[in-house]
Amino acid sequence: MISWRKHYKQTLIAIGLLLSTSASIYGQDGDPKNGEKLFKANCTACHALDKQVIGPPLKGVVERVKTEGGVDRDWLHKWIKDNKALRASGDKYANEIFEKYNKTEMLQFPNLTEKDIDDILAFTTNPPAPEPAADPKKDAATDAATAAPANNTTTSVVIISLIAIAGLLVWILIKLRQLVKLGQSEDLAGLNETRVKSFSEIYAKYHYIGKAALGILALLAAYGVWNWIMWIGVYKGYKPEQPIYFSHKIHAGEQKIDCQLCHSSAKYGKVSEIPSMNVCMNCHRTISEYNAEHYMEPGKDKAFYDGEIKKIYAATGWDPEKQQYTGKTQPVEWTRIHNMPDFVYFNHSQHVVAGEQAIINSFNKKNPNNKIDVVCKACHGKIDTMNVVQMANDFTMGWCIECHRTTEVDMNNGYNKEYFKNLHDKLKKQYPQDGGKITVDAIGGLECGKCHY
């Protein structure tokens, strides 16, 4: 009995020591899953696990700094929290790293707790295996294979039934024709001999009706030609393929990138220029692969998007391995989508700045179920939902005039409000019958010289 109690006590002590040791090890090593979230939120702008971006690859960084610099995890904590202060203290290894990576200063993360840093380091040491993603192609193929026999059977039955019905109708018509001929009297047979059998005889007999029909056909033909001429140069729905695939839905929709970040001249210039490839590199210098697994377009996969990013690097002469420009560029020949004729004057800044709120209010009033929040969408459609950009409107003169007749002037526009004050006061006196409602046509929006040279 005493021996059993003695062993029981020793067993409890051993279990306690094991649990406490496990807890301390876990607390020291951190949580890789939480570390993955923190890594994506704080580190991916400059680092990847398995390759150099701006900074070095971080997989196995704990062992690497221990081998290279003879430092431990505490040193990494200090480096991550405030590497600048660590270098200023004269730390040899910290300054060596700074020199090695072209004196690129790493961001400071004083907001990260000790546990957060342990979690990040645990992720770099032992990253959790990615969850297997569902293969939409495989699922679609399986569904198609399952549904194929039923669909094929149904189609065959329908076709056979239609052929049988058509054959039956032909047989009935033949029999009716035979019955009519058998029942024809001698008088009807004689009448058939006197029937008009040529077009000239028919026209001579019914020439008034013929001339009226020809007149109507001529009018219809003239209308058709006129309508065809009026729609020359109208390319609504036009969406050409571009040399580098760029999805506005991913960038403006999923990532919420403002239109004017790329099309910066739209607000202060006549045209909304195509952004240079340097604008793309502001982000894609550090984003070298597509990692938004939550959004994949039908028929496209990660390899496709990664390939398009590589085209950006080829165009700008960027070497992602060495993290430097080679100087060998390849100009991109974009296909223009929106292009006004040479005799039309359109100023983007006038609409984006002076008319922004007025255009948005007018559009939302006319389209309560399809509202917009950015003035660009009034003309270009909901760009943030388009994978491939297309012309969303007609862009005809009639379309522009209709907009000028229905869009109210924003009298409270904060942009140069004092500059327009006298004009607004004059218009309010000039159009009192409309209760202060003044549309663009009242300020010269229908004058020919406003849009045509």
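Is C283 buried, partly exposed or exposed? C283 counts as partly exposed, because its relative accessibility is 37%. Buried means under 20% relative accessible area, exposed over 50%, and partly exposed in between (1.4 Å probe, protein chains only).

This is a predicted model: local features need pLDDT of at least 70, side-chain atom pairs count only at pLDDT 80 or more, and totals for chains, interfaces and linings use all residues. Residues are numbered from 1 along each chain as its sequence is written, and side-chain values use heavy atoms, without hydrogens and water.

**Cysteines**

A disulfide is a covalent bond between the sulfur atoms of two cysteines. Here the rule is a pair of cysteine sulfur atoms within 2.5 Å. The count comes to zero disulfides. C262 is in none; its nearest cysteine sulfur, that of C280, is 6.8 Å away. C262 is partly exposed, at 24% relative accessible area. For C283, the closest cysteine sulfur is in C262, 7.5 Å away, which is too far for a bond.

**Annotated spans**

The unreviewed UniProt entry annotates "transmembrane region" at residues 156-174 and 212-234. Such annotations may be inferred rather than shown by experiment; positions use the numbering here, and feature names are shortened. Helices (H or I, at least four residues) and strands (E, at least two) are DSSP runs, numbered from the N terminus.

**H348**

H348 sits in helix α15 (residues 348-354). H348 counts as buried because its relative accessibility is 19%. Beyond neighbours within four places in sequence, H348 contacts (heavy atoms within 4.5 Å) A266, G269, K270, V271, S272 and H380.
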